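Student: Could you walk me through reading this structure, one feature at a time? I would like the general idea and then the case at hand.

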Amino acid sequence: MASRVLWGGLSLLRLAWCLLPQSGYVHPDEFFQSPEVMAEDILGIEAARPWEFHPSSSCRTVVFPLLTSGSAFWLLRLWEELGPWPGLVNGYVLLVGPRLILTVLSFALDVAVYHLAPLWRAERWNALVLLAGSYVTLVFYTRTFSNAIEGLLFTWLLALVSPRIAWSTTAKKPVPGPWWHSWLLGGIVAAGFFNRPTFLAFALVPVFLWGICGAADPAFKSLTKAALGLLPGATLTAAVFVAADSWYFSSPSRSSTLVLTPANFLRYNLDPQNLARHGTHFRLTHLAINGFLLFGMLHAQALKVGWQQLQVCLQAFVQMGFLRVLESRNLLSSPRSHLLLLYFVPLALLSAFSHQEARFLIPLLVPLVLLCSPQTQPVPCKGTLVLFNALGALFFGCLHQGGLVPGLEHLERVVHSPVLPSVPTHYTLFFTHTYMPPRHLLHLPGLGSPVEVVDMGGTEERALCQALKNFTRQPVCQVAGGPWLCRLFVVTPGTTRPAMEKCNFPLKSETLVFPHLTLEDPPALSSLLSGAWRNHLSLHILELGETPDNMTESVLP
């Protein structure tokens with residue numbers, strides 16, 4: 001009973017934290033592979049379209065962005081056109097709308113684990129609590145990451161194949177599924193491949209086990225028959241994705257051709273030089289670092305169980321011989337062995353690529369919680385798990401680049417509330433040493449916007465000062481002509497705030513957004529122990545003025 005109440009409380013936390021909303025900014029892909037693009041397409045809002053969604057380099061399917069962020073924005077557009085209370089669209093709604101759809105979809109994980117746990121001999125409510133209490137669920141599965149979609153598809157694939165795999169561990173013959181079952185499996189594999197071609201690494205083991213488990217035919221013949229059964233559903237689904245992408249990326253200036261986004265994705269990512277632009281890692285990063293970073297003690301438990309299973313298999317090979325062990329299939333057909341394969345095989349395949357980010361592993365959460373909640377044993381290290389997930393949720397959900405989204409909300413109010421309504425105002429927003437700002441959260445019109453957003457990235461101090469001096473000497477509003485009012489803002493972390501003072505530009509006002517932590521420019525330990533620690537853990541929004549007098553400072557909670 002206590003586990004059920006705990007799961008219910010964690011589920012409410014998941015929903016409430018989405019609506020609050022979370023201020024942490026995990027990775028630019030959350031915005032720039034879905035809501036940033038759909039906001040421009042559907043709402044006509046100014047946005048920075050990433051290169052993956054340009055017709056000349058179409059590497060991402062548009063189907064899932066349309067189904068998630070696109071659905072939320074279509075509803076907002078209908079409300080604006082037909083609703084009784086116009087003006088609903090603002091930065092908060094643009095942020096929370098797509099996240100809310102992913103949060104609702106994330107409960108499909110809970111439903112799947114509820115039904116999968118008995119099949120995999122896991123304690124149902126322990127597995128559900130591990131799932132709902134993981135910061136991966138609270139943070140990553142409530143955001144518009146393609147990895148979250150990949151995790152949902154992987155879980156649905158497990159839900160479809162698990163009954164047949166579970167039957168194979170008993171003496172009973174599995175009941176043949178309906179004809180559409182293999183079609184649906186093929187459709188999920190194809191959809192996952194178009195979402196992220198890496199989905200094949202996750203689908204390999206479930207499809208393999210589904211093909212050989214409970215089959216009376218030899219393994220090769222059984223696998224061939226299973227693969228042929230997947231073809232109709234996979235072909236039909238692929239045709240839908242190709243048609244949708246070809247329509248979306250077509251333009252009057254280009255001849256109508258079929259667009260194969262997975263082929264473009266693979267062509268780009270199989271080039272080592274392209275991967276080097278995004279960062280290269282040593283091959284054991286997923287195993288030695290990312291697994292612990294995402295799952296903590298659960299990853300350690302999986303390593304322990306895997307090592308124990310490997311020792312048992314090696315001992316059996318020595319005593320019985322390799323072929324006899326394979327013929328007996330007792331060691332390799334247990335639920336624990338299958339769950340280890342479901343966890344470690346995708347991890348090993350993804351480790352073959354030099355670019356390894358932690359979020360690539362979030363689809364492995366479901367088999368991991370099933371592995372770590374056996375019916376005969378209690379969940380290990382409960383206190384450590386609670387502390388680990390609380391710290392992970394705090395770091396990624398609140399601290400990491402945590403001032404950027406609230407800072408954009410503040411700037412949205414500024415640019416939509418001019419100081420002198422009768423005087424045209426031009427705004428220039430400089431972002432330096434932050435992640436790329438998602439411009440759709442400013443809710444700017446697509447054409448004729450008086451706001452210019454300049455992303456300086458990690459520009460060096462000298463180049464930044466020169467750019468600022470150029471804007472203060474020759475404001476773009478003067479080039480436009482007419483009686484314009486110019487306002488220039490610089491958004492920078494507290495750790496790089498002293499560089500602004502060296503530029504010697506006039507400062508009119510300053511607003512602090514707390515908390516904000518950037519790992520690219522982390523604060524020194526001595527600064528955190530000083531009385532100005534809050535300044536170093538804040539995002540600073542500086543407004544440049546023509547005179548340095550009358551500087552004011554305000555703090556946002």
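Student: What is the mean pLDDT of the protein?

Tutor: pLDDT is the predictor's confidence in each residue, from 0 to 100. Here the protein's mean is 87, and 89% of its residues reach 70 or more. Over residues 547-553 the pLDDT is below 50, and beyond near neighbours in sequence this stretch has 13 contacts in the model (contact: heavy atoms within 4.5 Å). Where pLDDT is low, the predicted coordinates should not be read in detail. This is a predicted model: local features need pLDDT of at least 70, side-chain atom pairs count only at pLDDT 80 or more, and totals for chains, interfaces and linings use all residues. Residues are numbered from 1 along each chain as its sequence is written, and side-chain values use heavy atoms, with hydrogens and water left out.

Student: Is glutamate 510 buried or exposed?

Tutor: Buried means under 20% relative accessible area, exposed over 50%, and partly exposed in between (1.4 Å probe, protein chains only). Glutamate 510 has a relative accessible area of 6%, so it is buried.

Student: Which side chains make a polar contact with the side chain of glutamate 510?

Tutor: A polar contact is a pair of N or O atoms within 3.5 Å; within protein, one must be able to donate a hydrogen and the other to accept it, and residues adjacent in sequence count only if both atoms are side-chain atoms. The side chain of glutamate 510 makes one with the side chain of arginine 497 at 3.1 Å, and another with that of histidine 540 at 2.6 Å.
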